[in-house]
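Let's take a friendly walk through this model, starting with a pair of helices. Have a look at the sequence and the fold first.

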Amino acid sequence: MTQAVPSSEDTGGLTGPRSAVVVNPSKVTDLDARRREICAALADAGWPEPLWLETTPEDPGCGQTAEAVQSGAEVVFACGGDGTVMACAGTLAGTEVALAILPSGTGNLLATNLNLPSRVADGIRVATTGTRRRIDLGSCGQTYFTVMAGMGFDAQMIDATSEELKRRFGWRAYVLAALKHLRHRPMRVRIRLDGGAPIRRRARTVLVGNVGRLQGGIPLLPDARPDDGWLDVAVLTPHTLGHWFAMAWGILRRRRDVQRMETFRARHVEVFSNRPQPRELDGDLIEPARTMDVTIRPGALWLCVPDGVSPR
């Protein structure tokens, strides 16, 4: 489903649609310069100056986005990393307010998966002249996510990756952190898909994706689409270094049958582990637990995308 971007005529000449910017100050080198750049680009498009809302360590963007909606914003720009995008998207779920992404963090996985531009001016242009499409969101407990939920090795890797490493090496910092955990013992899991019979495995990680590409563009779940109403599930079961390398080679070569990795599709995914496991949503750690319960929320979010481009 698509929605036309309101034109300046719709809102009285140069007044344009009202908007807000939810920005993570820690992800932007020069905050004042970024603000001037965004305001100038919006003014050039005939849009008024946006409401400017900065996230805090206590609130990654949920409260700020709620304030934007209450103020009458028709578009909320998420200017930050994956955590900022996730907070904004979750708050906008089920509303008619659209999300536009201005990538500023290390990963920006939703933007990468949907081939959204990385430059601020291009991101503003997408919001002001592109279209809006509904995309799905995943939910885990009371929290929505846009990209992926994970339990096990992937969350261990994220926990071991410091902000300093990410600043120095970008997404490659995750690879360095992953090497420290390759030999850890697997977890015993039961996985239920749409209430079916349990699938039992000795896995290193279980990933539940709304989209399929990881850091560095790695195509873990190439069939995943953010607007198909399905969750794509990857169960990784490497037990030796040889297994890890064979699996990585198969994923990078985009093979349909990858050793030590099984894939499934479902609308509701339940994972039960024999012991508490680290967990993550869109690269943000959540409290460790023995379970992870994930459900798809079809068409929950309006997203600004380039005109004529369908989310992939």
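## Two packed helices

Helix H2 and helix H3 cross in the right-handed sense. For handedness, a crossing is left-handed if the near helix is turned anticlockwise from the far one by less than a right angle, and right-handed if clockwise. H2 covers residues 62-70 and H3 residues 82-92, and they pack at an angle of about 45° with their axes 8 Å apart. The axes are lines fitted to C-alpha atoms, for helices over the stretch in contact, with angles running from 0 to 180 degrees between N-to-C directions. H2 and H3 are therefore oblique to each other; angles under 35 degrees count as roughly parallel, over 145 as roughly antiparallel, 65 to 115 as roughly perpendicular and the rest as oblique. Helices (H or I, at least four residues) and strands (E, at least two) are DSSP runs, numbered from the N terminus.

H3 is largely enclosed by the rest of the structure, because nine of its eleven residues are buried. Here buried means under 20% relative accessible area, exposed over 50%, and partly exposed in between (1.4 Å probe, protein chains only). Among the buried residues of H3 are Asp-82, Met-86, Cys-88 and Leu-92. Ala-87 also belongs to helix H3, and it is buried with a relative accessible area of 7%. Ala-87 and Thr-143 are 56 residues apart in sequence, while their C-alpha atoms are 8.7 Å apart in space. After H3 comes Gly-94, with a positive phi near 85°.

## How to read the model

This is a predicted model, in which local features need pLDDT of at least 70 and side-chain atom pairs count only at pLDDT 80 or more, while totals for chains, interfaces and linings use all residues. Residues are numbered from 1 along each chain as its sequence is written, and side-chain values use heavy atoms, with hydrogens and water left out.

## A covered strand with two partners

Strand S8 (residues 148-152) is mostly covered, with five of its five residues buried. Which strands pair with S8? One of them is strand S11 (residues 205-209), which joins S8 in the antiparallel sense over five bridges; two strands pair if DSSP finds at least two bridges between them. Within this pairing, Gly-152 has Thr-205 of S11 as its bridge partner.

S14 is another antiparallel partner of S8, and three bridges connect the two.

## Rings and charges

How many aromatic pairs does the model contain? The count is one aromatic pair, where rings of Phe, Tyr and Trp (its six-membered ring) pair if their centres lie within 6.5 Å, and planes under 30 degrees apart count as stacked, over 60 as edge-to-face and the rest as tilted. The two residues are Phe-153 and Trp-244, in a tilted arrangement with 4.7 Å centre to centre and 45° between the planes. This pair links distant parts of the chain, since Phe-153 is in helix H6 (residues 153-159) and Trp-244 is in helix H9 (residues 241-252), 91 residues apart. Phe-153 is buried, at a relative accessible area of 8%, and Trp-244 is buried with 8% relative accessibility.

Charged groups meet rings as well. The charged end of Arg-190 sits over the ring of Phe-272, 4.6 Å from its centre, and Arg-267 lies over the face of Trp-230 at 3.7 Å from the ring centre. A charge sits over a ring if NZ of Lys or CZ of Arg is within 6 Å of the ring centre and within 35 degrees of the ring normal.

## Loops worth a look

Asp-194 is not a glycine, yet its phi is positive, at about 55°. This residue lies in the loop between strand S9 (187-193) and strand S10 (199-203), and Asp-194 is partly exposed at 43% relative accessibility. Asp-282 has a positive phi near 50° and is likewise a residue other than glycine. Asp-282 lies in the loop between strand S14 (268-281) and strand S15 (284-305). Is Asp-282 buried or exposed? At 4% relative accessibility, Asp-282 counts as buried.

Gly-217 is in the loop between S11 and strand S12 (231-236), and Gly-217 is partly exposed with a relative accessible area of 23%. Its C-alpha atom is separated by 7.9 Å from that of Asn-113, 104 residues apart along the chain.
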